[in-house]
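Please take a moment with the sequence and the model before I go through some of the local features.

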Amino acid sequence: MEMNTVTSWLATCGWQHETIDHTTLQVYRRPADPPNFFLRLTDHWLLLAIVPVLAPGAHVPKDMSRRLLAVNRDLRLAKFGYDEDGDVALTAELPTESLQPSELRDAIERMARYLEHYREYLSTPAPS
């Protein structure tokens, strides 16, 4: 799969992008609108990530790992986890072998819905 194919699919879905390097894009609806995705094309995978999920300085509950595990049970295609800096990320991996534009669109839209639906739960302090 070529990056030109990916960028044309994104445009068809109404998503814009900025090129970070020859394998990586930052993807968004409009520059000021969250979420911003990072998309990386490898030989066999298209990797998507929304990171950070929580705004810098946002409250991180002490039981965040438990919350991520609980939420991940309900998710299809994408999963919450931690990136190498310890930030909460939402990621998906799509095999490029027979990837179709509708699968990329579904992944991006599903991840945006998951983020919107779970962000408050992931950042709300536990009741005392």
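This is a predicted model: local features need pLDDT of at least 70, side-chain atom pairs count only at pLDDT 80 or more; totals for chains, interfaces and linings use all residues.

Leu 77 is partly exposed, with a relative accessible area of 36%. For these terms, buried means under 20% relative accessible area and exposed over 50%, with partly exposed in between, using a 1.4 Å probe and protein chains only. Leu 77 sits in the loop between α2 and β5 (78–82). Its phi is positive, near 80°, in a residue other than glycine. Helices (H or I, at least four residues) and strands (E, at least two) are DSSP runs numbered from the N terminus.

Residues are numbered from 1 along each chain as its sequence is written, and side-chain values use heavy atoms, with hydrogens and water left out.

Two further backbone features deserve mention. Val 51 and Pro 52 are joined by a cis peptide bond, with omega about -5°; Pro 52 belongs to the loop between β4 and α2. Gly 14, which follows α1, has a positive phi near 85°.

Let me turn to helix α1, residues 3–12. Which of its residues are buried? They are Met 3, Val 6, Thr 7, Trp 9 and Leu 10. These residues lie on the same side of α1, because they cover an arc of only 160° around the axis, the arc being that of the directions from the helix axis to the C-beta atoms. As a general point, an α-helix has 3.6 residues a turn, so residues three or four places apart point the same way. On the face turned away from the buried side, α1 carries the exposed residues Asn 4, Ala 11 and Thr 12.

What does the buried side of α1 pack against? Its partners are β1 (16–21), β2 (24–28), β3 (37–41), β4 (45–50) and α3 (101–123). Contact here means heavy atoms within 4.5 Å. Thr 7, with a relative accessible area of 16%, is in contact with His 17 and Leu 25, leaving aside neighbours within four places in sequence.

Now the helix pairs. α1 and α3 pack at an angle of about 65°, with their axes 10 Å apart. Axes are lines fitted to C-alpha atoms, for helices over the stretch in contact, and angles run from 0 to 180 degrees between N-to-C directions. Val 6, Trp 9 and Leu 10 in α1 meet Pro 101, Leu 104 and Ile 108 in α3. By class, this contact of α1 with α3 has 6 nonpolar, no polar and no charged residues. Ala, Val, Leu, Ile, Met, Phe, Trp, Tyr, Cys and Pro count as nonpolar, Asp, Glu, Lys and Arg as charged, and the others, Gly among them, as polar.

For α2 (residues 64–72) and α3, the angle is about 155°, with the axes 10 Å apart. The two helices are therefore roughly antiparallel to each other, a term used for angles over 145 degrees. The contact of α2 with α3 divides into 7 nonpolar, 1 polar and 2 charged residues.

Finally, Trp 45 in strand β4 is partly exposed, at 38% relative accessible area. Trp 45 and Met 1 are 44 residues apart in sequence and 9.2 Å apart in space, C-alpha to C-alpha.

Conventions:
Angles under 35 degrees count as roughly parallel, over 145 as roughly antiparallel, 65 to 115 as roughly perpendicular and the rest as oblique.
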